[in-house]
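Dear colleague,

I am passing on the structure below, and after it I set out what was found. Please read the notes with the model open beside them.

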Amino acid sequence: SGLDPAQPYFQGTPIEVRLDKSDADFVDIIHTDSAPTIPYLGFGITPAIGHLDFYPNGGKQMPGCGKNPVSQIVDLDGIWEGTRDFVACNHLRSYKYYSDSIIYPDGFLGYPCASYDVFNTGSCFPCPEGGCPNMGHYADKFKGKIKGDFVKLYLNTGEARDFPLWRYKVMVTLSGKHKVKGYVNIALYGSDGNTRQHQITHGTLKPDNTYTSFIDAEVDVGRVTKVKFLWNNNWINPTFPKLGAATVTVQSGMN
């Protein structure tokens with residue numbers, strides 16, 4: 001397992017010099033700091049070099065690493081940990097994701113995709129027929145399923161521990177008589193837990209229109225038992241418009 005393998009002096013070198021998938025029966029990589037060293041001070045290697053290459057949050061800038069320096073250095077884990085995180089926060093996220101992955105065997109699902117931009121459009125959702133590998137400790141469960149060349153995998157993580165997020169596609173068809181301006185929020189309730197409210201859309205809300213969004217939820221809700229639908233007007237409307245949800249469709253990325 002390569003935890004953000006180093007970029008300076010290694011990127012672009014022959015495979016004898018750096019980590020490569022020819023080094024073992026199974027090599028999995030977590031890229032967390034793969035921006036160019038100059039001028040962005042990225043410490044991690046950019047190209048795919050393993051059997052499975054995971055690029056959480058796109059592999060360059062990790063959520064939670066943009067905190068202001070003072071709050072980061074005076075960290076919960078102490079001054080030393082905080083200073084280290086400030087200097088190399090993205091780079092060090094790789095081992096933090098890995099240690100979280102031990103506790104969450106079903107977490108950190110990586111979606112095979114051409115790029116992070118394509119992943120963000122939702123076109124690499126849900127997992128293909130063979131399933132998706134889990135980034136981190138349990139990536140080797142996927143060992144026998146790898147066909148062909150490098151596999152690039154994308155996913156999002158939280159800003160702080162616990163890092164894993166579970167991706168859902170939510171489609172909401174509105175019902176009502178008039179269009180209004182505002183936003184729609186959805187919360188999922190399930191056999192294994194509930195999510196907070198996630199915004200599906202904002203702007204003009206038209207009855208009979210279907211709005212689609214992807215939720216990266218902080219819990220795996222399991223079997224969905226209930227969906228809470230909330231909408232809000234952006235300003236006071238004396239006509240008191242009413243909006244409802246004709247249908248809400250929830251799809252889990254795993255299946």
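Val17 belongs to the loop between strand 1 (2-3) and strand 2 (28-30), where helices (H or I, at least four residues) and strands (E, at least two) are DSSP runs numbered from the N terminus. Val17 is partly exposed, at 43% relative accessible area (buried is under 20%, exposed over 50%, partly exposed in between, with a 1.4 Å probe and protein chains only).

Please bear in mind that this is a predicted model, in which local features need pLDDT of at least 70 and side-chain atom pairs count only at pLDDT 80 or more, whereas totals for chains, interfaces and linings use all residues. Residues are numbered from 1 along each chain as its sequence is written, and side-chain values use heavy atoms, with hydrogens and water left out.

Rings of Phe, Tyr and Trp (its six-membered ring) pair if their centres lie within 6.5 Å, and planes under 30 degrees apart count as stacked, over 60 as edge-to-face and the rest as tilted. By this rule there are nine aromatic pairs. The rings of Tyr111 and Phe119 have centres 6.0 Å apart and planes at 40°, so this pair is tilted; Tyr111 is buried, at 3% relative accessible area, and Phe119 is buried, at 3%. Tyr116 and Phe119 form a stacked pair, 5.8 Å centre to centre with 15° between the planes. Tyr116 and Phe119 are three residues apart in helix 4 (residues 116-121), and are therefore separated by about one helical turn. Ring pairs join Tyr55, Tyr111, Tyr116, Phe119, Phe125, Tyr154 and Phe214 into a cluster.

Best regards
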